[in-house]
Amino acid sequence: MKTTTSGVSLPVAERAPFQVGEWLVEPALDRIQRNAEIRNLRPRVMELLVYLADRPGTVVSTDELLSKLWDGRVVSEGSVYNCVSELRTALSSDDRDDPAIETVPKKGYRLPAPGAGGGAGAQAPAPSRAIS
């Protein structure tokens, strides 16, 4: 498996689409889609989503995100906070009790694992047709 300097397992442009909750994530296009609704993401926000989706249920610290996604560039923790906020807004739903990205106080952020009893969770998309 290829790795990039940003720590994402494959370059984002090479990633296959996947599901996060009700959203179809299309990393190569930097967008998410739910039914007919399409939301475009900045490339760094997509990298954050892919990084968290590669680690469902795992708490990822701000320091790790700075190290892996900003690749040694001098930025403040505010850059992470802003990206997380932008991603939460993009993934927002009407259910405020079911956050797409959880904050674990004093530890970091996590995308809940699918079927973990809350949150969006990342999973491969359902097949578009039945396989016999």
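At what angle do helix H2 and H3 pack, and how far apart are their axes? Hi everyone, let's start there. This is a predicted model, where local features need pLDDT of at least 70, side-chain atom pairs count only at pLDDT 80 or more, and totals for chains, interfaces and linings use all residues. Residues are numbered from 1 along each chain as its sequence is written, and side-chain values use heavy atoms, with hydrogens and water left out.

Helices here are DSSP runs of H or I with at least four residues, numbered from the N terminus. H2 covers residues 62–69, and it packs against H3 at about 90 degrees, with the axes 9 Å apart. That makes the two roughly perpendicular, a label for angles of 65 to 115 degrees. Axes are lines fitted to C-alpha atoms over the stretch in contact, and angles run from 0 to 180 degrees between N-to-C directions.

Who touches whom? Thr 62, Asp 63, Leu 65 and Leu 66 of H2 meet Glu 77, Val 80 and Tyr 81 of H3, where contact means heavy atoms within 4.5 Å.

Now for H1, residues 43–53, which packs against H3, residues 77–90, at about 80 degrees, again with axes 9 Å apart. H1 and H3 are therefore roughly perpendicular too. Arg 44, Val 45, Leu 48 and Leu 49 of H1 make this contact with Cys 83, Val 84, Glu 86 and Leu 87 of H3.

Last point: nine of the eleven residues of H1 are buried, so H1 is largely enclosed by the rest of the structure. Buried means under 20% relative accessible area, with a 1.4 Å probe and protein chains only. Among the buried ones are Met 46, Tyr 51 and Ala 53.

Key:
Parallel < 35°, antiparallel > 145°, perpendicular 65-115°, else oblique. Buried < 20%, exposed > 50% of the residue type's maximum accessible area, 1.4 Å probe, protein only.
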